[in-house]
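Hello,

Here is the structure you are taking over. My notes on what was found follow below it.

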Amino acid sequence: MALYCLSSSCLTIQSNFKSLSLSYNSSSSHSNLVTFKSLGFSNNLSHNVFSRGSLTMSPIQRPMRHSVVCEAAPKKKADSAAKRARQAEKRRIYNKSRKSEIRTRMRKVLEALDGLRKKPDAQPEEVLPIEKLIAEAYSTIDKAVKVGTLHRNTGARRKSRLARRKKAVEIHHGWYTPTPATTA
């Protein structure tokens, strides 16, 4: 389809054209061909082009592409390995926070016991606040064992470590005297 225009105001371009080819006659035997992707014009461009040559517009011919979509089976369930990985990550974060809490409580108890041991004029009543800290640590350890974060033997070992340290401080200050082992 060819349009011949004498002025820049007579141009009406349909929206289904994808490119615009402009050609004009020159002194040489070849005609110069310029292709624009945009259909927007400025007044100077359209006036210069229309005054020198002809305007040719043609729709771009693209090869037809056929695509076949075939769905023979119903949608696949979520990959079980991916689901296990997500669950493991959730548990890892949960267990990490529990273990961190246990370490923090144990550290507080052990620091308090070390401070009491180094104190030369310590009184037996000063053990009471430490016993509260020990009870909280025991509770946290027991909960971790119950939900499976810690193995039961690990929980028992950590509780035993706290009890032995407390007993050592009491023996050091003379508040507790162990009974000698009897031989039978």
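**Charged patch**

On the surface, a patch of positive charge is formed by Lys83, Arg84, Arg86, Lys90 and Arg91. Patches consist of residues with over 30% relative accessible area and no salt bridge, where like charges are joined within 9 Å and nonpolar side chains (Val, Leu, Ile, Met, Phe, Trp, Tyr) within 5 Å. This is a predicted model, in which local features need pLDDT of at least 70 and side-chain atom pairs count only at pLDDT 80 or more, while totals for chains, interfaces and linings use all residues. Residues are numbered from 1 along each chain as its sequence is written, and side-chain values use heavy atoms, with hydrogens and water left out.

Arg91 belongs to helix α2, residues 80-118 (helices are DSSP runs of H or I, at least four residues, numbered from the N terminus). Arg91 counts as partly exposed because its relative accessibility is 48%; buried means under 20% relative accessible area, exposed over 50%, and partly exposed in between, with a 1.4 Å probe and protein chains only.

**Salt bridges**

Side chains of opposite charge can pair when their charged atoms come close. A salt bridge here is a side-chain nitrogen of Lys or Arg within 4 Å of a carboxyl oxygen of Asp or Glu, and by this rule there are nine salt bridges.

One of them pairs Arg105 with Glu136, at 3.1 Å from N to O. That pair links distant parts of the chain, as Arg105 lies in helix α2 and Glu136 in helix α3, 31 residues apart. Both are partly exposed, Arg105 with a relative accessible area of 28% and Glu136 at 38% relative accessibility.

Within helix α2, Glu111 and Arg107 are four residues apart, so about one helical turn separates them. Their side chains meet in a salt bridge of 3.8 Å, N to O. Arg107 is partly exposed at 44% relative accessibility.

Lys159 and Asp142 form another salt bridge, with the closest N and O atoms 2.8 Å apart. This pair also links distant parts of the chain: Lys159 is in helix α4 and Asp142 in helix α3, 17 residues apart. Lys159 is partly exposed at 23% relative accessibility, as is Asp142 with a relative accessible area of 38%.

**A buried loop residue**

Thr149 sits in the loop between α3 (127-147) and α4 (152-173). With a relative accessible area of 10%, Thr149 is buried. Its side chain makes a polar contact of 2.9 Å with the side chain of Asn95 (a pair of N or O atoms within 3.5 Å; within protein, one must be able to donate a hydrogen and the other to accept it, and residues adjacent in sequence count only if both atoms are side-chain atoms).

Regards

Notes: Accessible areas come from the Shrake-Rupley method with a 1.4 Å probe; for residues, only the protein chains shown count as cover. Lys and Arg count as positive and Asp and Glu as negative; His and the chain ends are not counted. The place of a charge is taken as NZ of Lys, CZ of Arg, CG of Asp or CD of Glu. Helices (H or I, at least four residues) and strands (E, at least two) are DSSP runs, numbered from the N terminus.
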